Amino acid sequence: MKKAIIIGATSGIGKELAKMFSQNDYVVGIVGRRSELFPELQKEISTEVYFKRIDVVKTSEAMNLLGEFIKEMGGVDVIVISSGVGFISPDLNWEQEKETIDVNISGFTAMANVAFKHFCKRGSGQIVGISSIAAIRGSGDSPAYNASKAFMSNYLEGLRQKTSKLKIPIVVTDIQPGFVNTAMAKGEGLFWGSSPEKAAKQIFKAIKSKRKHAYITKRWRIVAWLLMIMPDWLYNKL
């Protein structure tokens, strides 16, 4: 059986992805900070499952723990980095800005580093980063969040270029969801908001197809295209 680790799998998209991998006969490795949620999640996983408590903010410790976890599972085929935070911070609340940077940039990069080196040593594999449509442009209401997601997408592209130069068959997949109805999503009646279950199904399909990039749900590619071509004078009025 193939094996997958989902980092940030105790809630939201990560949790639904863990269930989706299990339903498709993967051995699943669950990584999360809230270990008290592990027993309940185990009831929803039908295949063999492993658990490891990791706080990605503690980067050195997190890297060592992820390396140990990969060894405990006897190696893995896919590593999904789904952990993340997001705040609406029009007043630039520093604690919120810092937490966003610590989790979405430092934590993400630490986990991607371990994953990439594992797959280089193994000779193949797939790294999946859950970025966001927010990566396309900056936001005055959530500057750190949008910037952190742009970092993720750019970093994933860099890893993809590196695999090409190294000629190692490592697939690097950048997933950019629009609004998904999770605890992290802020606001009522989110535009084109998707359920975590629907999002996870489309993400899993993109992973299985070894896509380099996917908007989730698919119709968000329309928004992405509009954001890319929108002039600054118009974007600044949004």
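Biologist: How many bridges do E5 and E6 pair over, and is the sense parallel or antiparallel?
Modeller: In this predicted model, E5 and E6 pair over six bridges in the parallel sense. Ile127 is placed opposite Val172 in E6.

Biologist: What packs on the sheet there, touching E5 and E6?
Modeller: H5 does, and its direction makes about 160° with that of E6.

Biologist: What about the whole sheet, which order do the strands take?
Modeller: The order is E3-E2-E1-E4-E5-E6-E7, seven strands in an open sheet with parallel pairing. The twist from one strand to the next averages 15°.

Biologist: Which strands stand at the edges?
Modeller: Strand E3 (49-53) and strand E7 (213-216). Each has a single partner strand, so one side of each lacks a neighbour in the sheet.

Biologist: Back to H5. How many residues does it have?
Modeller: H5 has 24 residues and reaches 35 Å from first C-alpha to last, close to the 34 Å expected. Its buried residues include Ala144, Met152 and Leu159. Helix H4 (94-122), E5 and strand E6 (170-177) are among what covers the buried residues of H5.

Biologist: And what follows H5?
Modeller: Lys167, with a positive phi near 60°.

Biologist: Different spot. Where is Ser132, and is it buried or exposed?
Modeller: Ser132 sits in the loop between strand E5 (125-130) and helix H5 (143-166). Its relative accessible area is 6%, under the 20% cut-off, so Ser132 counts as buried.

Biologist: What does the Ser132 side chain reach?
Modeller: The backbone nitrogen of Ala134, at 2.9 Å. Tyr145 and Lys149 are buried residues of H5.

Note on methods. Residues are numbered from 1 along each chain as its sequence is written. This is a predicted model: local features need pLDDT of at least 70, side-chain atom pairs count only at pLDDT 80 or more; totals for chains, interfaces and linings use all residues. Side-chain values use heavy atoms; hydrogens and water are left out. Helices (H or I, at least four residues) and strands (E, at least two) are DSSP runs, numbered from the N terminus. Buried means under 20% relative accessible area, exposed over 50%, partly exposed in between (1.4 Å probe, protein chains only). A polar contact is a pair of N or O atoms within 3.5 Å; within protein, one must be able to donate a hydrogen and the other to accept it, and residues adjacent in sequence count only if both atoms are side-chain atoms. The expected span of a helix is 1.5 Å times one less than its number of residues. Contact means heavy atoms within 4.5 Å. Two strands pair if DSSP finds at least two bridges between them. Axes are lines fitted to C-alpha atoms, for helices over the stretch in contact, and angles run from 0 to 180 degrees between N-to-C directions.
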